[in-house]
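Dear colleague,

Please find the structure below, followed by a short account of what was found in it.

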Amino acid sequence: MTLQGSIRFALRMALGAGAVVIVAVVAMVDHGQRLELLRPELVTGWVLLASVVFLALLNVRKKLSMVPVGRASDWVAAHVVLGVVTIVIYAFHARTVWPSGYELALALLFYAVILSGLIGYLLQRIAPGSLANLGYEVIWERIPAELADMRERIEVSILECARETGSEVLPRLYREELAWYFRKPRFVLASLVGTGVASSWVHHRLDSVSIYLRGKEIEHAEFLRECARRKVHIDRAYAIQGLLKCWLLVHVPATYGFLVLVIWHLILVHVYLV
Amino acid sequence: MSSIPRPQRWDRPFDENMGDEDVARLLAFPAFADIDAARFPDQIPLDGIVHNDSRLLHFSPGEVVVREGDYGNSAFLVLDGTVSVVLAPGLPASMLGRSSSRKRGFASAFSQLWRNRNDVSEVRVYDGRSQASAGQGAGGTVVDIAAVKQSNSTVQLGTGRIFGEIAALARGPRTATVIADSSATLLEIRWQGLRELRRFDVGWRERIDRTYRANALKVHLGEDPLFAGLPAEALEKVAAATLFETYGSLDWNVQFKRKSGSESRDVTPIVAEGDYPDGLLMIRGGFARVTRHIGNGERSLTYLSAGSSFGLDELYRVWRGESDITLRASIAPLGYVDVLRVPYYILVEHVFPNLKEPPQDNLHEAYERPLTDDSLMEWAIDERFINGTRTMMIDLDRCVRCDDCVRACASTHGGNPRFVRQGKQHDHWMVTNACMHCIDPVCMIGCPTGAIHRDQATGMVVINDETCIGCQTCANSCPYDNIRMVEVRNPLGDIIADSATGRPIIKASKCDFCYEQPGGPACVRACPHDALSRISFAELAKLTELR
C-alpha cells in the first residue's frame with residue numbers, strides 16, 4: 001500500500017473510532033443526566049443538530065471543488081459514518097418512533113432522509129456494476145440525442161426500404177408500433193429489473209410481419225432489430241442512471257425540509273419548554 | 001458578435017525587439033550564411049523564421065541558461081562567448097533555484113465560485129497581454145562558476161555550437177544544466193523554427209541530428225546504473241562503440257490514427273525471439289513492445305520505455321559460458337523508439353566483471369502469468385495509452401455517473417469543463433477523453449506558435465490561449481482525441497469573430513491537470529467514490545490497489 005493509501009486507510013479507521021466515541025459519550029451523558037433527573041434531550045438535541053448540519057455540508061463541499069477542502073470520497077465516508085451515528089443520537093433524543101403533533105412531521109422527514117440515504121448508499125454499491133456490465137456507456141444527458149440520432153437513421157432506412165421495394169409493411173409497422181418504442185426510453189421498470197420485456201416486445205412485432213418480407217426488406221428489418229438491441233441497452237442505462245439520480249431528489253429536499261423544521265423545533269423548545 | 005483579426009502564426013514574434021538589422025546580422029552568421037534561402041517556402045521564409053522564431057539573449061558570467069529537469073521547447077546557438085554544460089550528476093536543486101509553477105492562492109481559487117460564468121461558455125478577454133513563451137532562459141539564477149567547475153565535470157561550448165536540442169526535439173526535460181562562462185550572447189530558437197530549419201536545410205538537419213545523437217548518447221549512458229560507475233575514459237570507449245538506432249517515425253501519431261489497435265502490431269521487430277544476442281538494447285526514447293510467440297499470435301509480456309533495457313540476461317549467460325543462448329522474446333517499436341545498442345564485447349570488458357549479482361530475469365515471471373492477466377496491458381499498449389503520465393482512468397464498477405468530476409473541472413476552469421466523461425473501455429475500466437500529459441506529447445509537433453507547450457516546472461502539457469491561433473493542428477495530432485476546439489465568446493456572451501471573414505475564432509482546449517490550482521486535479525478530489533484516478537500505465541499495479 002502506498003503512503004497515500006495508508007494515510008487514507010488510517011483516516012477511515014479514525015472515522016469509525018470517532019463514531020464509536022461520539023455514541024459512547026452521548027450514551028453516557030444521556031444516562032448520567034437521566035439519573036440526576038435532568039433533561040438530556042437538550043444535550044442530545046444540540047449534538048443531533050451539529051451532526052445534521054455537518055451531514056448537510058457535503059452538498060456545500062460539492063460546490064467548492066476549486067479549493068482544497070479534502071477529497072469528496074473522504075467527505076462521503078464521513079457522511080455515511082456520521083449518518084449512522086445520527087440515527088443512534090436521534091433514538092436517544094426522541095425516545096419514540098412515532099411522536100405526535102408537528103414533531104411527527106419532523107420525524108417523518110428524518111425517516112425520509114435516513115431511508116433515502118440508505119437506499120442511495122445501496123444503489124451506489126450495486127448499480128455501477130450493472131451499468132458497467134451493459135458494455136454500453138452513455139452519458140445521461142445525451143440519451144435524448146442518442147435516441148433522436150437512432151430514430152433518424154431508422155426513418156432513413158424505412159424510407160429507403162419503401163422506395164426500393166414499394167412495400168408498405170415496414171413503414172406501416174414503424175408508424176403503427178415501433179415509432180412509439182423508439183421515441184423515448186420505454187419499459188423503464190422492466191429495464192431496471194432486466195426482464196427482457198422490451199426486447200421481446202420489439203422482436204415479437206418484427207417476427208409477426210416477417211412472413212410479409214422479401215429480399216431487401218429483410219435487410220432493413222435486420223437493421224431495425226439491431227437498433228432495437230441497442231435501444232434495450234440505452235433504456236437500461238436510462239433506468240439505472242435515473243434511479244441513481246432519483247434517490248437524491250428525496251434525500252436532499254427532505255434534508256432541507258428537516259433542517260427548517262428543526263429550527264422551528266429549536267425555537268419552540270427554547271421559548272416554551274426550557 | 002464582436003470581432004478581432006484572426007490570429008496568425010508570427011502575430012507575436014518570439015522576441016518583440018528583434019529588428020531587421022538584427023536579422024541581417026544573424027543571417028550573416030556562419031550558421032545561417034550557408035543556408036540556401038531559396039529552399040524555404042514563401043510563407044515560411046528563412047528571414048521570417050529568424051525574425052519571429054528566435055530571440056537574442058545576453059547572459060552574464062555564472063548565469064544559468066537552462067536548468068536540468070526543466071521543460072523547454074527551444075535550442076540555443078552560441079553567437080558570442082562561451083557556456084559550460086554541467087555533466088551528470090549535475091547541480092543540486094537548491095543551487096539551481098528551481099522555478100515553480102504559478103499556483104493560485106486559496107482566496108483566488110475560492111473566488112472562482114462567483115467569477116465563473118455558468119451562463120456563457122468559453123469566455124475570453126483579449127487585452128493584449130504578452131505571450132508566455134515556449135522556452136525561456138532559466139530566470140536569472142546565478143551560480144559561482146568557479147566552484148561549479150571545481151566540483152563537477154563540465155564541457156565548454158563556444159561560438160557556433162548548438163545545445164538544448166535534445167529537449168526541443170524529444171519534447172522532454174532538459175538533460176543538463178548550462179551556465180554562461182563569460183558574457184555570452186545566445187540565439188534561442190523555439191522548436192517551431194528549429195523544425196523548419198531541419199526541414200528545409202540539409203546542413204542544419206545533419207548538424208542538429210549529429211549533436212542530438214552525440215549528446216543524447218553520453219547523457220543516457222552516464223545516467224544508466226550499469227555504466228554510471230565507470231571512469232570517464234571507459235565511458236568514452238562505451239559511447240564510441242555504442243550504436244544509436246532509431247525505428248519508426250517521430251510523428252508516429254499520423255499513422256497510428258489511421259490504423260486500428262490490432263493493425264498496429266504488424267511491424268518488423270528490432271530483434272526477434274530466437275535470434276542470437278549481439279548487444280544490449282537500451283531504450284532512450286519512445287516505446288517498444290516485448291512479445292513472445294504463443295499459439296498463432298504474439299503475446300505482449302511487457303513494454304519498454306526510456307530507461308529500460310533488453311537482452312542483458314541472455315548476454316550475461318553467454319558470458320558465463322552457457323551454450324546456444326538465444327533471445328527469449330522479440331521487441332518491436334511502438335510508433336517510434338530510440339535504441340542504443342551496446343556491443344557484447346563492451347559489456348564483457350566494462351560491465352560483466354563488475355556485476356555483483358546476475359541480472360534479474362523478469363521475462364520468465366511475465367511469461368508464467370495467467371494469459372488473461374495481461375489483457376489490460378495488451379489493450380493499453382495497442383491503444384498507446386502507455387504514453388500517458390496522467391491518464392484519467394474511471395473504474396466503472398464504482399462510478400455512479402454523477403458527473404461531479406466534470407462539474408469540478410468546470411468550476412476550476414471558468415465554468416468550462418476540459419474533458420468529456422467518455423472514452424475507450426476495457427472490462428470495467430474507461431480511459432476518458434482527458435489529456436494524458438504524454439511522455440511523448442505529439443500534439444506539440446505541429447503547433448506553429450508554440451502555444452501548446454510543457455510547463456517549465458511541472459512538465460504538464462498546457463496551452464497558452466493567447467498565442468493559440470486555432471489551427472487545430474494539435475487537436476488533429478492528438479492520437480487520443482483529447483483536445484477540443486471551442487468557439488470563444490466575450491463576457492457579454494457574443495461569439496468573437498474574425499474581423500476579416502466574420503468566422504468565429506476558435507481555440508484549442510484541454511485538461512491542464514489543474515496545474516495552477518491549489519490541491520491538484522479537481523476531478524480526482526471531486527469523485528465521491530474514488531472511482532477516478534490519474535495514473536501512468538507504468539504503475540499498472542496501482543490500478544489493482546485502487547480496487
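I begin with D530(B), which counts as partly exposed because 19 C-beta neighbours lie inside 10 Å; by definition, a residue is buried with 20 or more other C-beta atoms within 10 Å of its own, exposed with 12 or fewer, and partly exposed in between, the C-beta atoms being placed from the backbone. This is a predicted model, in which local features need pLDDT of at least 70 and side-chain atom pairs count only at pLDDT 80 or more, while totals for chains, interfaces and linings use all residues. Residues are numbered from 1 along each chain as its sequence is written, and chains are lettered from A and ligands numbered from 1 in the order in which they are written.

D530(B) lies in the loop between α20 (522-526) and β23 (532-535) of chain B; helices (H or I, at least four residues) and strands (E, at least two) are DSSP runs, numbered from the N terminus. Although not a glycine, D530(B) has a positive phi of about 55 degrees. Most residues other than glycine have a negative phi.

R401(B) is also not a glycine and has a positive phi of about 55 degrees. The loop that holds R401(B) runs between β15 (391-395) and α18 (404-411) of chain B. Is R401(B) buried or partly exposed? R401(B) is buried, because 21 C-beta neighbours lie inside 10 Å.

M444(B) belongs to the loop between β17 (429-433) and β18 (452-454) of chain B. M444(B) is buried, since 22 other C-beta atoms lie within 10 Å.
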